[in-house]
Amino acid sequence: MLSSTPRQLLAGLRMLIVMTVVLGALFPVVIWGVGQVAFSARANGSQVEQNGTVVGSELLAQRFDGAQWFHPRPSAGEYDTLASGGTNFGPNSEKLVALIAERRAKVAGEDGVAPSDVPTDAVTASFSGLDPHISPAYARQQVARVAKARGLAPERVTALVAAHTDGRQLGYLGEERVNVVNLNLALADLAAAAK
């Protein structure tokens with residue numbers, strides 16, 4: 001019985017080495033290769049370019065300041081990819097209630113609507129704080145402000161929002177959404193063409 005122990009240890013060591021090579025090197029390389037071939041645009045972070053320069057990612061929200069831009073959802077981590085996450089305030093937190101009230105008043109003032117008409121996603125951060133999407137309702141609420149700041153007809157900006165509204169995934173999963181990064185890039189192109 002003792003003589004079989006070294007043999008079993010050697011067999012276990014060989015299996016460890018084989019599985020390390022297969023699962024630790026070969027499998028990741030194969031998956032990476034499939035991603036590069038089949039999903040090349042998304043495999044590298046879904047980078048968004050404007051005039052040949054990478055300006056962001058379709059997968060990550062970023063700050064857009066000023067009345068001339070559509071604004072994303074708030075971010076507890078200030079859109080920092082290294083500090084993503086929520087506030088960890090519970091639903092009964094007085095700090096969260098005060099923060100939402102402050103955001104609601106600010107958004108209502110910027111967009112010229114009643115505080116009760118401000119959509120929920122305009123005042124609540126996503127769990128990651130980096131969700132690049134807003135609801136079509138929040139995008140439509142911002143149209144008048146953006147159109148005025150850019151000197152564009154509201155109808156043109158509304159059409160731009162409609163063109164950048166994505167439907168439900170597979171026709172029934174989730175909600176309709178608007179990617180703010182893509183919408184703002186299209187808005188910049190539209191404004192440049194209008195000059």
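Which residue forms a salt bridge with R73, and how far apart are the closest N and O atoms?

**View 1. The salt bridge between D131 and R73 in the predicted model.** The partner of R73 is D131, and the closest N and O atoms of this salt bridge are 3.7 Å apart. Because D131 lies in the loop between α3 (94–111) and β3 (133–134), while R73 lies in the loop between β2 and α3, the pair ties together parts that are 58 residues apart in sequence. D131 counts as partly exposed, with 24% relative accessibility, whereas R73, at 16%, counts as buried.

**View 2. The salt bridge between R145 and D111.** Here the closest N and O atoms of the two residues are 2.6 Å apart. R145 belongs to helix α4 (residues 136–150) and D111 to helix α3, so that the pair links distant parts of the chain, 34 residues apart. Both residues, R145 and D111, are buried.

**View 3. A network of salt bridges that includes R63.** The network links R63, D65 and E78, and within it the side chains of R63 and D65 meet in a salt bridge with an N to O distance of 3.8 Å. R63 counts as partly exposed, its relative accessibility being 40%. The structure as a whole holds 5 salt bridges.

**View 4. S57 and the backbone of L59.** S57 is found in strand β2, which spans residues 53–57. A polar atom of the S57 side chain lies 3.0 Å from the backbone nitrogen of L59. With a relative accessible area of 11%, S57 is buried, because buried means under 20%.

Notes
Residues numbered from 1 in each chain as written. Predicted model: local features only at pLDDT ≥ 70, side-chain atom pairs only at ≥ 80, totals over all residues. Heavy atoms only, no water. Helix = DSSP H or I, 4+ residues; strand = E, 2+ residues; numbered from the N terminus. Buried < 20%, exposed > 50% of the residue type's maximum accessible area, 1.4 Å probe, protein only. Polar contact = N/O pair within 3.5 Å; in protein donor to acceptor, adjacent residues only side chain to side chain. Salt bridge = Lys/Arg side-chain N within 4 Å of Asp/Glu carboxyl O.
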